[in-house]
Amino acid sequence: MSPFPQHLLDGYRTFTSQRLPTEQSRYRELSERGQAPEVMVIGCCDSRVSPEVIFDAGPGELFVVRNVANLVPVYAPDGGAHGVSAALEYAVRALRVKHIVVLGHAQCGGIRAFIDNTEPLSPGDFIGRWMSMFIKPGEKVGQRDHETMAEFTVRIEKAAVFRSLENLTTFPFVQSLVARGELNLHGAYFGVAEGSLFVLDREAKEFRSVTKELRAGG
């Protein structure tokens with residue numbers, strides 16, 4: 001059996017010597033009182049897109065669930081195992097979060113696999129089956145005339161955020177709270193190379209650059 005990854009142990013030592021001492025009281029409080037985050041983030045499991053890093057969040061501030069391509073399935077109480085739905089149910093009904101953010105990103109491997117229609121990685125084709133819920137029955141997704149592959153990819157990456165937000169409203173416990181104004185749904189898109197963040201304007205159905213606004217304000 002190979003040893004535990006050394007760089008993780010080194011990282012933990014740094015954590016215990018630098019960050020933990022400054023946040024020890026916070027960790028003790030979270031241990032005694034439990035967590036009470038106001039924000040749930042549904043993000044991609046891509047190693048380059050960590051919500052806690054992007055939003056500079058401390059312990060207990062974000063309730064995060066990550067999966068391939070930051071997808072939310074439709075409400076399906078069919079007796080099967082549904083990890084994202086379970087996390088959503090816990091966040092909304094137990095933790096009573098006030099905001100849900102669907103965080104998409106550039107260079108998403110899951111979206112690229114969907115677009116390229118690549119060969120399955122395994123006989124079970126877990127990724128292919130997972131990505132299939134991105135489109136509705138009978139819906140066709142294709143490259144538009146005069147649209148480059150790069151433009152097509154970004155459009156579909158952002159479309160995944162729209163679809164996940166749409167699917168969130170199929171959950172009765174989400175829909176009722178949104179209708180009463182007690183729960184807010186948000187979309188965001190992260191540019192890996194530049195570290196840029198775009199937040200969805202739901203009325204305009206467009207992603208607005210937070211980076212540009214910050215620069216203009218500063």
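Rings of Phe, Tyr and Trp, the last taken by its six-membered ring, are paired if their centres lie within 6.5 Å. In this predicted model, ring pairs join F162, Y189, F198 and F207 into a cluster.

K158 lies over the face of Y189, at 5.2 Å from the ring centre. The charged end of K158 also sits over the ring of F198, at 5.5 Å from its centre.

Searching the whole structure gives 9 aromatic pairs. One of them is formed by F15 and Y27, whose ring centres are 6.0 Å apart and whose planes meet at 85°, so the pair is edge-to-face. Planes over 60 degrees apart are what that class requires. F15 has 26% relative accessibility and therefore counts as partly exposed. Y27, at 29% relative accessibility, likewise counts as partly exposed.

F114 and F134 make up another aromatic pair, again edge-to-face, with 5.1 Å from centre to centre and 85° between the planes. This pair links distant parts of the chain, the two residues being 20 residues apart. F114 belongs to helix 4 (residues 109–116), while F134 is in the loop between helix 5 (126–132) and helix 6 (149–168).

The cut-off behind both assignments is 20% relative accessible area, under which a residue is called buried.

Note on methods. Residues numbered from 1 in each chain as written. Predicted model: local features only at pLDDT ≥ 70, side-chain atom pairs only at ≥ 80, totals over all residues. Heavy atoms only, no water. Phe/Tyr/Trp six-rings, centres within 6.5 Å; stacked < 30°, edge-to-face > 60°. Buried < 20%, exposed > 50% of the residue type's maximum accessible area, 1.4 Å probe, protein only. Helix = DSSP H or I, 4+ residues; strand = E, 2+ residues; numbered from the N terminus. Lys NZ or Arg CZ within 6 Å of the ring centre and 35° of its normal.
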